[in-house]
Amino acid sequence: MQKSIERIAGDSEGAFYEFPVFRFEGFRLESSGKSASSAYLQAALHAGELPGVVAIDALMPLLEKAEAEGRIKGNITVVPQANPIGRAQYHFGEHQGRFHLGTRTNFNRGFPLLAAPDATLLPDTTLATADQRLKTRLLQLSIGHDIVLDLHCDDEGLAYLYVHASLWPDMADCAAAMGVDAVILWDEDTDGTFEGASIMPYLNVPADVARFDRRVATTVEYRGILDVDGALAGADAEGLYRLLVARGVILDQALPTPGGFTGIVAPLENIDMMPAPRAGAVLYDVKPGDRVAKGARLATIVHAPGEASGRTEVFAPQAGIILTRRSRRIIRAGEDLLKLVGDRKSADARSGTLED
């Protein structure tokens with residue numbers, strides 16, 4: 001294993017941000033003579049989302065053991081904490097790792113959407129802001145890998161993946177290996193998410209370059225932001241390891257081939273986000289994983305405590321599964337309450353990314 005330190009120049013003289021990168025070099029060829037699949041894993045692009053960080057921490061000993069035993073076939077690049085800028089941001093004692101305070105831009109938006117998977121097409125960031133320099137460097141580190149995993153988490157939720165429709169059902173083995181509960185399929189990214197920047201360049205290149213039969217690109221949502229737990233981290237690490245074995249990056253004949261994926265699979269357009277009609281305190285009637293019928297009460301918002309008309313109820317617009325809900329119990333009018341994976345297209349379907 002090789003460790004290097006990436007250094008991102010800040011927006012003022014003398015300011016720099018650093019993050020480590022770990023590389024495992026593969027050395028084997030497939031029986032066809034082609035090189036083994038390679039993998040890139042990063043966590044905490046939203047710097048306060050730590051389930052992926054501790055999952056990578058638990059994965060590293062498994063990778064080091066595989067390396068010591070000569071079982072790493074394809075190159076592996078690991079970035080355990082991908083956002084040193086967001087990691088350092090605090091405002092009045094509260095961590096702010098989702099948006100860059102200087103530009104007010106989401107750290108998982110604005111990645112370059114390249115016409116082809118070619119690092120020479122990356123923009124010149126000499127005069128860019130620090131967050132854009134970081135995004136360009138992360139994308140550069142990932143280009144050329146067959147497997148790209150961006151580890152995130154939601155507020156409170158099931159474990160699920162965002163997957164481009166072109167990669168499904170070929171990625172069903174990955175979802176099964178990781179043990180996630182759901183897969184959300186999307187087909188358009190105009191906002192420049194990291195996942196979108198990882199897959200969009202391959203959509204208009206020859207098949208022998210795109211290699212969709214072996215390509216994996218996904219945003220992994222590891223349940224909720226408070227699910228930073230040793231047992232969960234170990235289970236998640238085992239899932240990542242199984243994926244790398246299933247896709248031929250690591251050799252481990254002791255592991256069985258993943259079975260079929262039996263979780264929820266739905267297009268992005270089926271998700272209802274349920275904007276809050278009033279501001280106030282949220283009393284949820286449902287939790288992630290619950291199956292609800294159309295018209296079922298999902299939550300009550302207490303917007304005028306103690307008054308006869310001070311409560312507003314929110315009902316399910318269609319039948320489906322609760323995927324996530326807010327971890328905070330205070331909400332503003334118009335803020336999304338939860339993700340309901342409906343049985344059919346949402347009447348308020350959103351294209352592109354679901355939320356900021």
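Visitor: Where is arginine 211 placed?

Guide: In this predicted model, arginine 211 sits in the loop between helix 6 (207-210) and strand 13.

Visitor: Why is arginine 211 called partly exposed?

Guide: Its relative accessibility is 23%. Buried means under 20% and exposed means over 50%, so arginine 211, at 23%, counts as partly exposed.

Visitor: What is the phi of arginine 211?

Guide: Arginine 211 has a positive phi of about 45 degrees, although it is not a glycine. Most residues other than glycine have a negative phi.

Visitor: Is arginine 223 buried or exposed, and how do you know?

Guide: Arginine 223 has 15% relative accessibility, and the cut-off for buried is under 20%, so arginine 223 counts as buried. This residue is found in strand 13.

Visitor: Which peptide bond is cis?

Guide: The bond from tryptophan 168 to proline 169 is cis, with omega near 15 degrees. Proline 169 lies in the loop between strand 11 (160-164) and helix 4. Most peptide bonds are trans.

Visitor: How do you know that the span of helix 7 agrees with what it should be?

Guide: Helix 7 has 17 residues (230-246), which should span 24 Å at 1.5 Å a residue. Its end C-alpha atoms are 24 Å apart, so the two values agree.

Visitor: What do the buried residues of helix 7 pack against?

Guide: The buried residues, including Ala233, Leu240 and Tyr241, pack against several elements, including helix 1 (51-68), strand 9 (147-154) and strand 13 (216-224).

Visitor: How many helices and strands does the protein chain have?

Guide: The protein chain has seven helices and 22 strands.

Visitor: Why is the protein chain called as compact as a globular protein of that length?

Guide: The radius of gyration is 21 Å, and the globule rule gives 21 Å for 356 residues. The value is close to the rule, so the chain is as compact as a globular protein of that length. Buried residues make up 52% of the 356 residues.

Note on methods:
Residues numbered from 1 in each chain as written. Predicted model: local features only at pLDDT ≥ 70, side-chain atom pairs only at ≥ 80, totals over all residues. Heavy atoms only, no water. Helix = DSSP H or I, 4+ residues; strand = E, 2+ residues; numbered from the N terminus. Rg over C-alpha atoms; globule rule 2.2 N^0.38 Å. Buried < 20%, exposed > 50% of the residue type's maximum accessible area, 1.4 Å probe, protein only. Expected span 1.5 Å × (residues − 1). Contact = heavy atoms within 4.5 Å.
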